[in-house]
Each structure stands twice: as C-alpha cells, then as structure tokens.
Amino acid sequence: MPSLIRPLALAAALLVVASAHAQVTVKDAWVRATVPQQKATGAFMQLQSAQDARLVSVSTPLTASAEVHEMALQDNVMRMRPMPALDLPAGKTVELRPGGYHVMLMDLKQQVKEGETVPLTLVFEGKDGKRQTVQVQAPVRPLRPEAMPMQHGEHKH
Ligand SMILES: [Cu+2]
C-alpha cells in the first residue's frame, strides 16, 4: 500500500529536519490528565538516540518545575526520585512510562485536561558535550488501565 506509506515517510523526514543534526528521536509523547486541584502529573514518551546521549533537562510553559524521575525500590516501597540525567545508550529505545522513568511536572497552576496539548522542550547532551534541543507537542490523555481491552465485550447489544 504505497499510497499510505509515503505520507508517513514524509512526516518522519520532516521531523528529522525540524531538529537539526538530530541524534535523538522522541516518539509517542503524552501527558497524563489531572483532576482539579491535582498539583503534579507525569509526561511519558519513547526516546532513542543514534549515539550515546543523556536527557539533561525538560521544560514546559505549564510549570516552572519539571524533573526527570525514576522509580526505585526503597525499604520495600517503590518511590520516585529525581535523576540528574537519563542515559540513552546508542540505538536503544528508552521508555518513559507510568511506573517507570517519567518526567514529573510539579506545582501545576491549572488542571491538565484530556484533549489539550502540552509543549515540551527536551535538552539532550552527547558524549562530546554538544547539546540538542527537541520540541514536542504532547497530547493529554487519561491513564488507561491495563484491563481496558477486556471491557470491550461488556457492552454488546
Ligand atoms: Cu515523579
């Protein structure tokens, strides 16, 4: 089906051009929707770098306080803690997902609603110290429980 594949290839090509000498690809970025008064949420995505690199900072107009966190077992309890940088080994996809690495958006001043889009600016640093900035538009989605697909059969008429 060449007619379907071509527009996708073109989109991918444009994405590479947008971030000059791109070493890092950002895929499937999204931000978890919040409820009113909720002060923090997570941003998730898949990162892949052609060469060894590190994610060194994340910023967004949504809040002045964004950190990269990891989940770690501490006294038999899973806790999250800030990381100075997230390593991206060459060619390996590093996934930020609920329950794992994530970007923590704190001190939210407003609710983050499904359907909105959150601009994220990611700064990566290569081994040579060169920095690359990548901008992504992350759609806001509610956290979908893993059990979700099983519920499809329950609403038959
Ligand atoms: Cu966190």
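User: To begin with D87: which strand holds this residue?

Analyst: The model is a predicted one. Within this model, the place of D87 is in a strand spanning residues 86-88. That strand is β6.

User: How far apart in space are D87 and D52, C-alpha to C-alpha?

Analyst: In sequence, 35 residues separate D87 from D52. In space, their C-alpha to C-alpha distance is 7.7 Å.

User: Which residues have the most contacts inside the largest nonpolar core?

Analyst: In soluble globular proteins, nonpolar side chains tend to be buried together. Here the largest nonpolar core has 26 residues. The elements giving two or more residues to this core are β1, β2, β3, β8, β9 and β10. Inside the core, the residues with the most contacts are V26, A43, L120 and L122.

User: Which residues does V26 touch, leaving aside those up to four places away in sequence?

Analyst: V26 is one of the residues with the most contacts inside the largest nonpolar core. Leaving aside residues up to four places away in sequence, V26 touches M45, L47, L122, V134 and V136.

User: What is the count of buried residues in strand β5?

Analyst: Of the 157 residues of the protein, 20% count as buried. Strand β5 covers residues 77-82 and is hardly covered. Among its six residues, the count of buried ones is zero.

User: Which residue in β5 is the bridge partner of E70?

Analyst: Strand β4, residues 65-74, runs antiparallel to β5, and six bridges join the two. They form a hairpin with two residues between them. In β5, the bridge partner of E70 is R81.

User: What is the phi of N76, in the loop between β4 and β5?

Analyst: Most residues other than glycine have a negative phi. In the turn of the hairpin, D75 has a positive phi of about 50°. N76 is exposed, because it has 5 C-beta neighbours inside 10 Å. N76 is not a glycine, yet its phi is positive, at about 65°.

User: Is D28 buried or partly exposed?

Analyst: D28 lies in strand β1 and, although not a glycine, has a positive phi of about 50°. The buried class requires 20 or more other C-beta atoms within 10 Å, and the exposed class 12 or fewer. D28 has 13 such atoms, so its class is partly exposed.

User: Which residues does K113 touch, not counting those up to four places away in sequence?

Analyst: K113 is placed in the loop between β8 and β9. K113 and P36 are 77 residues apart in sequence and 9.3 Å apart in space, C-alpha to C-alpha. Not counting residues up to four places away in sequence, K113 touches A33 and V140.

User: How many contacts beyond four places in sequence does the model have for residues 147-157?

Analyst: The protein averages a pLDDT of 84, but over residues 147-157 pLDDT stays under 50. Where pLDDT is low, the predicted coordinates should not be read in detail.

Conventions:
Residues are numbered from 1 along each chain as its sequence is written. This is a predicted model: local features need pLDDT of at least 70, side-chain atom pairs count only at pLDDT 80 or more; totals for chains, interfaces and linings use all residues. Helices (H or I, at least four residues) and strands (E, at least two) are DSSP runs, numbered from the N terminus. Two strands pair if DSSP finds at least two bridges between them. A nonpolar core is a set of buried Ala, Val, Leu, Ile, Met, Phe, Trp, Tyr and Cys residues joined through C-beta atoms within 7 Å. Two residues are in contact if their C-beta atoms, placed from the backbone, lie within 7 Å. pLDDT is the predictor's confidence in each residue, from 0 to 100.
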